Amino acid sequence: MKFIFGLGNIGKQYDQTRHNIGFMALDHFAQSQGVDFVPTKLFATAAKLMVDGETVWLVKPTTYMNDSGQSVRAFLDFYGGDVSDILILHDDLDSDFGKLRFRGKGSAGGHNGLKSIIAHTGSQNFLRLKFGIAHPEHTHEAVIKYVLGKFSKDDLAIWDEKFEKTDQALLDWIKGADQAALSNRYNG
C-alpha cells in the first residue's frame, strides 16, 4: 500500500494559491486516474485507486497546512503503513518557479507542513516531490502573503503542463521507481 499526500489549506479562499500546489497536483493526478476525493474520518479527503495490484491512497489533509502530520499519522496508523510508503507533494520557496525536485530525506527547511509530518512520524526519511514557486526577496510577512497569493493565469498554464509530467512521475513511483531514478528523470 502506498500513500500520496498533497499539502495545502482547505477553503475556497486558498484555491489556486502557491501554498496549495500539492493539492493542485494531486487533483490533477486523481482526475487523470478517474477517481474522486471523498471525506474520511482520518482528517482528510481521500481517493483510492489500484495500480498494477497496488492500493494507492491519494490524500488531501483537512487540518490546514501546519497540522498536515495529523492526517499522515492517522492514515499510517489506520492502514498499517510506514514513512517509506509515503510521498509528500508540496511547494518549495527555495526552488525556481516551475522546477520539480524529488528529495528522499531531510529537514523541513522552514516548511510548516513538513515540520508537522516530521513531528507526527518521528522521521525525516520520507520522499517528497517539491514544486518550485520561487522566493520573493522580502520580509517574513511578505513571504506569508506571497505563498498565500494566487497564481496568475500564465502561471497556471505552466503548472498544467508540469502536472502532466508529475502524473507520470507519480505512476513511476507507485510502480516501484526509487528516489534516484525519479530524480534522474524528473528533477529540473
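Which backbone oxygen does the side chain of Thr-63 reach? In this predicted model, that oxygen belongs to Asp-67, at 2.9 Å. Thr-63 sits in the loop that links strand S4 to helix H2 (68-79). Its relative accessibility is 12%. Buried means under 20%, so Thr-63 counts as buried. Leaving aside residues up to four places away in sequence, Thr-63 touches Phe-43, Ser-68 and Gln-70.

Strand S4 covers residues 54-61. On one side of the pairing scheme is strand S1 (residues 2-6), which runs parallel to S4 over 4 bridges. Within this pairing, Lys-2 has Val-56 of S4 as its bridge partner. Strand S3 (residues 44-51) pairs with S4 in the antiparallel sense, over 8 bridges. Here Leu-49 stands opposite Val-56. S3 and S4 form a hairpin with 2 residues between the strands. In that hairpin, Asp-52 takes a positive phi near 50 degrees.

How many of the 8 residues of S4 are buried? The count is 7, so the strand is largely enclosed by the rest of the structure. In a regular strand, side chains alternate between the two faces of the sheet.

Helix H4 (residues 140-147) has buried residues at Val-143, Tyr-146 and Val-147. Viewed down the helix axis, the buried residues of H4 fall within an arc of 90 degrees, so they line one face. Strand S5 (86-92) is among the elements that cover them. Glu-141 and Lys-145 are exposed, and they lie on the face of H4 turned away from its buried side.

These elements belong to a chain with 6 helices and 7 strands. From the N terminus, their order is β-α-β-β-β-α-β-β-α-β-α-α-α. The chain has 188 residues and a radius of gyration of 15 Å. A compact globule with that number of residues would have a value near 16 Å, so the chain agrees with this expectation. The C-alpha trace spans about 45 × 30 × 30 Å along its principal axes.

Buried residues account for 52% of the chain. Contacts between residues at least 6 apart in sequence were also examined; 69% of them join residues at least 24 apart. The accessible surface comes to about 8,900 Å². Carbon and sulfur atoms hold 48% of that surface.

Conventions: Residues are numbered from 1 along each chain as its sequence is written. This is a predicted model: local features need pLDDT of at least 70, side-chain atom pairs count only at pLDDT 80 or more; totals for chains, interfaces and linings use all residues. Side-chain values use heavy atoms; hydrogens and water are left out. Buried means under 20% relative accessible area, exposed over 50%, partly exposed in between (1.4 Å probe, protein chains only). Two strands pair if DSSP finds at least two bridges between them. The arc is that of the directions from the helix axis to the C-beta atoms. Contact means heavy atoms within 4.5 Å. A polar contact is a pair of N or O atoms within 3.5 Å; within protein, one must be able to donate a hydrogen and the other to accept it, and residues adjacent in sequence count only if both atoms are side-chain atoms. The radius of gyration is taken over C-alpha atoms; the globule rule is 2.2 Å times the number of residues to the power 0.38. Accessible areas come from the Shrake-Rupley method with a 1.4 Å probe; for residues, only the protein chains shown count as cover.
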